Amino acid sequence: MNTRKVTSALALCLAMALGVSACGGSGGSSGSGKKDQALTSIVNASSKKGGTVTADHSTGPDSLDPGNTYYGWVQDFSRLYARTLLTFKPAAGKAGLTVVPDLATGLGTSSPDAKTWTYHLRTGVKFQDGTPVTSKDVKYAIERSNFAPDVMSNGPVYFKSYLADDSKYQGPYKDKSPNGLSSIETPDNQTIVFHLAQPFADFDYLATFSQTAPVEQSKDTGATYVQHIQSTGPYKFSSYSEGKGATLVRNPEWSKATDPIRTALPDKYVLKFNVNQKTIDNDLLSDNLTVDLQGTGVEAETQSKILGNKNRLAHTDDSIAGATSYMALNLHVKPFDNINCRKAVQYAVNKTSVVNAEGGAVKGDVASTLLPPSVNGYTKFDEYPTAGNNGDVAKAKAALAACGKPSGFTTTLTARSDRQPEIDGATAIQAALKKVGITVNIKTFPSDKYFSNYAGVPDYVHSHGVGMMMMAWGADWPTGYGFLDQIVDGSAIKPSGGNNLMELNDPKINQALSSAISNTDTAARTKAWGDIDKMVMANASVVPLIYRKNLLYRPDSATNVTVTQAYLGMYDFLLMGSSK
């Protein structure tokens with residue numbers, strides 16, 4: 001999951017815990033004065049209704065449309081207005097990794113070969129206009145999100161990849177046939193059946209994606225649906241302005257009787273986009289803001305204000321994000337079509353300097369693998385070791401000679417303009433590569449357009465000679481497959497909004513992923529993820545940089561605060577409220 005789309009032991013903090021309570025709490029105290037309380041418990045618990053959660057973002061979402069997003073924080077936040085078949089339990093610690101029913105009455109029922117999955121929907125769930133939600137609305141949501149890439153370009157394509165052959169189906173905007181996908185059946189209004197091309201042992205995890213949030217076909221306007229999303233959750237949009245923000249208020253058609261997950265304590269959520277990160281951090285410290293929507297932690301300048309202050313330190317949580325920051329080397333941009341040129345970069349990068357540039361140990365540890373230690377299947381190894389992780393000039397120059405570039409070359413490295421630590425990391429890479437004769441020109445782009453317009457668009461990357469791209473990734477769900485598939489499988493390469501930035505399309509890796517997810521033997525699947533990680537690293541197109549942590553700050557007014565174990569180490573929006 002992108003940390004645009006990014007836990008402890010098997011924990012993939014996805015960002016769900018911010019939304020339970022609103023007024024009052026435990027008196028504004030953050031507890032006993034120790035930091036990291038929200039990693040294992042709910043801090044400042046409250047059961048009172050009311051209050052407004054204020055949330056800012058330094059740029060904005062790829063889209064708040066549940067069918068057109070891949071940002072971790074949006075996946076988490078959208079649960080306030082978009083109910084999915086299943087979801088992650090809003091709970092502290094490892095319990096937050098538990099998959100529980102949401103729209104569905106229970107987990108999926110699988111055929112013995114794991115190729116057919118059936119779900120039954122709860123009765124009484126309605127859209128905000130009072131229309132009952134049916135299985136056909138869930139089917140339509142998947143059709144629009146996975147089969148119309150020219151309209152819905154941001155999200156993953158798991159359903160398209162694994163549903164039984166519908167190669168002729170072009171999505172609901174082009175294919176006007178009343179039945180739509182034949183591989184998804186809706187025998188009645190409360191039943192939905194998925195027929196897969198091959199066994200898929202992790203399908204219940206896939207059913208947690210916001211792409212399964214129902215959409216009324218009559219209300220869908222494609223790319224502009226984001227301006228009038230029809231809620232099925234406890235909150236609906238009272239206003240939305242692209243690039244500026246949004247306000248959510250209570251949805252009177254939501255019924256707690258149909259929803260065992262959401263407490264819906266706050267009265268309102270107010271979102272502001274394109275707010276300077278320093279302003280966001282300062283507003284958190286002064287208790288003028290409930291939460292930073294992005295969920296990737298405070299910037300380096302703010303860290304010093306927190307780590308040296310005992311009172312502020314007690315308000316922080318240094319959460320393992322279950323994510324890896326890395327640099328992607330595009331295989332179709334010269335000279336990175338030559339593996340030895342890629343190896344030269346592997347050896348030239350000073351990873352210790354990158355970690356220090358991005359904030360030091362509180363932001364994570366030096367990475368040598370694509371899979372982070374918290375993800376199922378992680379295996380410890382280092383394909384390109386250097387002393388102290390400081391780079392090896394001699395090995396880098398030898399690789400440059402082997403690739404026919406003994407004097408080095410010039411290339412472009414992209415980073416996100418609103419993520420200063422990422423820019424600082426890119427600058428450290430630039431300095432390290434200069435020592436071996438590689439000239440790096442850094443270009444920056446805003447997070448909300450980084451994948452849809454630039455780094456995730458092969459045509460742009462190729463035509464502008466973008467050889468290297470800064471990237472951060474967290475698992476879509478807590479298994480090796482949930483981490484790897486959308487960034488290393490060739491089928492994940494898209495015309496825009498892509499996450500396989502290397503454009504890696506190795507038949508052996510593709511087949512290994514497919515074979516492993518079809519294997520119903522859990523131990524064998526787990527081992528396979530580590531083996532695939534080694535295959536990816538042998539290709540040298542990924543330069544792992546940091547196993548990420550997020551230094552989060554919780555103000556006094558924030559209630560029911562806990563770090564979610566599902567959405568990239570962020571605070572859980574389904575729990576959090578504000579006493580203001």
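In which helix does Ser145 lie? Ser145 belongs to helix 2, which spans residues 135-146. Helices here are DSSP runs of H or I with at least four residues, strands are runs of E with at least two, and both are numbered from the N terminus. The model is a predicted one: local features need pLDDT of at least 70, side-chain atom pairs count only at pLDDT 80 or more, and totals for chains, interfaces and linings use all residues. Residues are numbered from 1 along each chain as its sequence is written, and side-chain values use heavy atoms, with hydrogens and water left out.

Ser145 has a relative accessible area of 2%, so it is buried. Buried means under 20% relative accessible area, exposed means over 50%, and partly exposed lies in between, with a 1.4 Å probe and protein chains only. Leaving aside residues up to four places away in sequence, Ser145 touches Gly67, Met152 and Gln211. Such a contact means heavy atoms within 4.5 Å. The side chain of Ser145 also makes a polar contact of 3.0 Å with the side chain of Asn146. A polar contact is a pair of N or O atoms within 3.5 Å; within protein, one must be able to donate a hydrogen and the other to accept it, and residues adjacent in sequence count only if both atoms are side-chain atoms. Phe159 is 14 residues from Ser145 in sequence, and the two C-alpha atoms are 9.2 Å apart in space.

The largest nonpolar core holds 151 residues. A nonpolar core is a set of buried Ala, Val, Leu, Ile, Met, Phe, Trp, Tyr and Cys residues joined through side-chain atoms within 4.5 Å. Leu64, Phe77, Tyr119, Phe194, Met327, Val345 and Val488 touch the most other members. Beyond four places in sequence, the contacts of Leu64 include Trp73, Val74, Tyr81, Val226 and Phe273. A second, separate core has 9 residues, among them Ile280, Leu289, Val298 and Leu551.

The structure holds 1 disulfide. A disulfide is counted when a pair of cysteine sulfur atoms lies within 2.5 Å. Cys341 and Cys403 form the bond, with their sulfur atoms 2.2 Å apart. The pair links distant parts of the chain, 62 residues apart. Cys341 sits in helix 8 (residues 339-348), and Cys403 in the loop between helix 10 (393-402) and strand 14 (410-416). The torsion about the S-S bond is about 80°, so the disulfide is right-handed. Both Cys341 and Cys403 are buried.

Helix 8 is largely enclosed by the rest of the structure, because 7 of its 10 residues are buried. These are Cys341, Arg342, Ala344, Val345, Gln346, Tyr347 and Ala348. They pack against strand 12 (316-329), helix 10, helix 11 (420-434), strand 16 (466-474), helix 16 (522-539) and strand 17 (542-553). At the start of helix 8, a side-chain oxygen of Asn338 reaches to within 2.8 Å of the backbone nitrogen of Asn340. The loop between strand 12 and helix 8 contains Pro335. A cis peptide bond joins Lys334 and Pro335, with omega about 5°.

Gln294 lies in the loop between strand 11 and helix 6 (300-307). Its relative accessibility is 3%, so Gln294 counts as buried. The side chain of Gln294 makes a polar contact of 3.4 Å with the side chain of Arg419. Apart from residues up to four places away in sequence, Gln294 touches residues including Asp56, His57, Trp73, Gln277, Asp418 and Met570.

Phi of Asn44 is near 60°, and phi of Asn274 is near 55°. Asn44 is found in the segment before strand 1 (52-56). Its relative accessible area is 7%, so Asn44 is buried. Asn274 is placed in the loop between strand 10 (268-272) and helix 5. At 46% relative accessibility, Asn274 counts as partly exposed.
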